[in-house]
Amino acid sequence: MKQDDIQKNENILYAGIDLGTSRSSISASNGTRQWIESYVGWPKDFIAAQVVGKPVLFGAEALQNRLSLDLCRPLEHGVIKEGISRNEEAVKDIIKYLIELAEPAPDQKIFAVVGVPADTLKVNKLAIRKAVTDFVHSLMVVTEPFAVAYGMNLLNNSLVIDIGAGTTDFCIMHGTIPSEDDQKTILTAGDYIDDQLYSYLIEKYPGSRFNKNMVRQFKEQYSFVRDLDEDIRVEIPVAGKPVMHDIKNEIKRACESILPALTETTIEMIARFDPEFQVKIKNNIVLAGGGSLIRGIKEYLQDALKEYGPCNVTCVQDPLFAGSDGAIKLAKDMPVKYWEPL
Ligand SMILES: Nc1ncnc2c1ncn2[C@@H]1O[C@H](COP(=O)(O)OP(=O)(O)O)[C@@H](O)[C@H]1O
Ligand SMILES: [Mg+2]
């Protein structure tokens with residue numbers, strides 16, 4: 001029997017929340033869909049509090065005011081650092097804010113499925129629970145790639161690879177709720193590319209002025225692996241004057257820096273299965289997360305795996321909401337006994 005049948009008399013808002021290392025999103029049963037960058041900032045002192053005019057800021061607004069704030073990106077390395085109350089507080093604030101963005105009615109109960117990076121689930125299920133208890137009536141915590149897989153109906157013989165900012169998460173689906181062994185997190189993802197790109201650019205253009213944030217924007221605009229028939233030139237100030245810089249090779253090298261670990265982990269995860277299933281899984285590989293937008297990455301992985309027989313790699317349609325959309329689908333479908341009352 002479905003959740004809806006059991007609880008049809010209650011006023012419930014179902015919510016799917018994707019708690020990402022860089023972006024977090026919510027999809028709710030009232031039709032709202034919102035996302036923020038996973039930054040939280042608190043004013044540094046009472047002057048800062050007057051300048052920003054709020055006790056806590058989120059996402060892009062927090063970044064803009066970063067000089068006045070203690071800025072925190074709580075899931076930066078995929079896990080909430082335990083005992084660091086600032087991180088726990090930040091997760092709590094993000095959840096609260098996302099739920100506010102979904103605009104529940106005052107008397108509505110909230111049933112939330114929260115997707116988190118695979119290692120966060122292993123290490124900090126308790127911390128996540130603590131973070132949401134005050135705002136949610138019932139909870140299920142799942143890994144982000146599982147939420148994506150569920151949303152796309154990829155329940156059997158598939159592999160979802162979610163290339164986020166802090167982590168790349170792998171999840172093999174084989175017809176059951178995935179266990180710990182079916183999932184793996186590695187730390188080469190978007191932030192890693194940014195670090196590489198930043199150091200390549202400093203090396204090539206020591207006299208130019210740029211920061212990590214600009215570098216990330218260059219990457220998001222021009223990312224590619226393998227070959228590309230176009231020049232990549234960006235404007236960067238030199239001695240106060242804007243100058244065009246050729247960054248094509250650096251973009252390529254930086255984006256390609258995540259490929260070896262990506263390929264290796266994909267092969268390793270598939271190899272654990274019976275050969276018959278290996279063939280099926282290889283034909284059902286889905287890339288998700290912001291990193292799936294890198295031009296040529298799908299083709300690269302497909303070619304790299306061809307050595308081991310035929311395979312098919314696709315990308316999700318909407319990387320920003322694939323996780324929260326999957327989580328809300330799960331929330332709506334989930335039998336009562338799986339919900340953890342809080
Ligand atoms: N077009 C793009 N090309 C390459 N990387 C991108 C692109 N768009 C976004 N990203 C990167 O994707 C990462 C964010 O992806 P996301 O799935 O939201 O991460 P998370 O789930 O970890 O929060 C960031 O590192 C961001 O810079
Ligand atoms: Mg994500």
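## The overall build

Of the 342 residues in this protein, 45% count as buried. Keep in mind that you're looking at a predicted model. The chain folds into 13 helices and 16 strands.

How does the radius of gyration fit with a compact globule? For 342 residues, such a globule would have a value near 20 Å, and the protein has 21 Å, so the two agree. If you draw a box along the principal axes, the C-alpha atoms fill roughly 65 × 65 × 35 Å.

Contacts tell you something about the fold as well. Take the contacts between residues at least 6 apart in sequence: 71% of them join residues at least 24 apart.

## The nonpolar core

Now look inside. The largest nonpolar core has 92 residues, and Ala-15, Ala-112 and Val-114 have the most contacts within it. Helix α4, residues 85–101, gives the most to this core, with seven residues. Both domain 1 (3–151 + 321–341) and domain 2 (190–256) supply at least three residues each to the core.

Which residues does Ala-112 touch? Leaving aside residues up to four places away in sequence, its partners are Ala-15, Ile-17, Val-132, Val-136, Leu-139 and Ala-331. Ala-15 turns up here again, and it is also one of the residues with the most contacts inside the core.

## Around ligand 1

Next, find ligand 1. It is surrounded by 20 residues, and the closest are Gly-20, Gly-164, Gly-190, Gly-289 and Gly-290. The elements giving two or more residues to this shell are α7 (190–204) and α8 (212–222). Of these, α8 gives the most, with three residues.

What kinds of residues make up the shell around ligand 1? They split into eleven polar, five charged and four nonpolar. Domain 1 (3–151 + 321–341) and domain 2 (190–256) each provide at least three residues to the shell.

## A closer look at Gln-34

Let's finish with a single residue. Gln-34 sits in strand β3, which covers residues 33–37.

Not counting residues up to four places away in sequence, Gln-34 touches Ser-25, Ile-26, Leu-98, Leu-101 and Ala-102. Take Leu-101: it is 67 residues from Gln-34 in sequence, yet their C-alpha atoms are 6.8 Å apart in space.

Methods: Residues are numbered from 1 along each chain as its sequence is written. Chains are lettered from A and ligands numbered from 1 in the order in which they are written. This is a predicted model: local features need pLDDT of at least 70, side-chain atom pairs count only at pLDDT 80 or more; totals for chains, interfaces and linings use all residues. A residue is near a molecule or strand if its C-beta atom, placed from the backbone, lies within 6 Å of it. Helices (H or I, at least four residues) and strands (E, at least two) are DSSP runs, numbered from the N terminus. Ala, Val, Leu, Ile, Met, Phe, Trp, Tyr, Cys and Pro count as nonpolar, Asp, Glu, Lys and Arg as charged, and the others, Gly among them, as polar. Domain bounds come from an automatic or database domain assignment. A nonpolar core is a set of buried Ala, Val, Leu, Ile, Met, Phe, Trp, Tyr and Cys residues joined through C-beta atoms within 7 Å. A residue is buried if 20 or more other C-beta atoms lie within 10 Å of its own, exposed if 12 or fewer, and partly exposed in between; C-beta atoms are placed from the backbone. Two residues are in contact if their C-beta atoms, placed from the backbone, lie within 7 Å. The radius of gyration is taken over C-alpha atoms; the globule rule is 2.2 Å times the number of residues to the power 0.38.
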